[in-house]
Amino acid sequence: METAARRFHDVSGLARTELDITDRAGVRRAIREFSPSVVINCAAYTDVDGAEREPERALQVNAGGAAHVAEAARELDAGVVHISTDYVFDGKAHRPYREDDVTAPLSSYGRSKLEGERRVASAHPKGHVIVRTAWLYGPGKGFVDWARGRLERGDELRLIEDQMGSPTSAGELARALLRLVEGGHLGLFHYVNPGRTSWLDFGRTLAQELGVENPRIRPVQASELSRLARRPSYSVLSVERFERTTGEPSRSWLDALRRYLASS
């Protein structure tokens with residue numbers, strides 16, 4: 001919201017406690033009340049392991065709720081922006097995933113998000129933007145603030161060395177979404193901070209940027225962790241379509257991390 005407001009957009013938002021997107025009538029009322037030109041849906045069931053225990057709930061939010069938002073936006077002739085995930089892929093690729101690559105989610109979470117993409121596109125075929133992102137972090141949320149706290153306390157970090165992706169700053173994603181909206185671009189896009197790293201090297205880089213001496217970081221294999229959901233071992237996303245469409249270069253994951261640390 002702050003990013004959009006700084007670009008002189010009139011922005012309103014609702015917290016999860018104010019609107020349950022699985023309530024179709026409530027979504028319609030709320031969107032009619034605000035009468036926006038664009039609706040950006042950031043609501044999601046994001047507990048990846050929890051979705052294995054509650055697959056129907058994940059589907060209800062990530063697919064059903066997403067469709068409600070898209071339908072309500074279409075009724076007002078407003079655009080809709082939907083956020084999706086790298087977990088729609090199975091991780092078997094050896095180069096960054098493009099938007100037209102075959103999807104094959106490994107988890108209930110990934111399947112619910114992929115179904116959300118399909119329902120949004122179906123509910124609002126001429127007015128949707130779907131953006132897949134990955135390894136998202138921001139103030140108080142995600143890996144960076146969690147790992148920074150542990151590093152600064154001298155706690156040990158057990159970090160996965162065999163899962164590759166593209167760490168992405170929430171602030172950078174917000175700017176990318178606005179670029180798509182302001183340009184009137186529609187369809188499916190990937191947006192991450194480009195480059196690839198493992199959770200292990202991400203943590204080591206974070207420790208180096210913070211100036212933490214002798215950080216307690218222990219490499220582990222993904223298979224060593226007791227997690228319900230399978231994750232793709234490789235989920236690097238290509239941003240070529242985004243950059244070609246918008247003419248906007250993407251900040252690398254390392255540059256984005258440095259920018260985030262300097263401002264937080």
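These are my notebook entries on a predicted model of a protein.

**Ground rules.** I number residues from 1 along each chain as its sequence is written. Since I am working with a predicted model, local features need pLDDT of at least 70 and side-chain atom pairs count only at pLDDT 80 or more, while totals for chains, interfaces and linings use all residues, and side-chain values use heavy atoms, with hydrogens and water left out.

**Overall build.** I looked up the secondary structure and found 10 helices and 10 strands; these are DSSP runs numbered from the N terminus, with helices (H or I) of at least four residues and strands (E) of at least two. The radius of gyration is 18 Å, close to the 18 Å that the globule rule gives for 264 residues, so the protein is as compact as a globular protein of that length. That radius is taken over C-alpha atoms, and the rule is 2.2 Å times the number of residues to the power 0.38. The C-alpha trace spans about 55 × 40 × 35 Å along its principal axes.

**Burial.** I then asked what share of the 264 residues is buried. The value is 48%, where buried means under 20% relative accessible area (1.4 Å probe, protein chains only).

**Helix H6.** Next I turned to H6, residues 143–153. Its buried residues are Phe-143, Val-144, Ala-147, Arg-148, Gly-149 and Leu-151. Their cover includes strands S4 (136–137), S5 (157–160) and S10 (217–220), along with helices H8 (199–210) and H10 (253–263). After H6 comes Gly-154, with a positive phi near 80°.

**Largest core.** Which residues touch the most other members of the largest nonpolar core? I found Tyr-137, Val-144, Phe-202, Leu-206, Ile-217 and Leu-257, out of 32 residues. Such a core is a set of buried Ala, Val, Leu, Ile, Met, Phe, Trp, Tyr and Cys residues joined through side-chain atoms within 4.5 Å. H6, S5, H8, S10 and H10 each supply at least two residues of this core.

I picked Ile-31, which sits in helix H2 (residues 24–34). Is Ile-31 buried or exposed? Ile-31 is buried, with a relative accessible area of 8%. Setting aside neighbours within four places in sequence, I find Ile-31 in contact (heavy atoms within 4.5 Å) with Pro-36, Val-39, Val-69, Ala-72, Ala-73 and Leu-76. I also noted that Ile-31 and Glu-75 are 44 residues apart in sequence and 9.7 Å apart in space, C-alpha to C-alpha.

Terms used: Buried means under 20% relative accessible area, exposed over 50%, partly exposed in between (1.4 Å probe, protein chains only).
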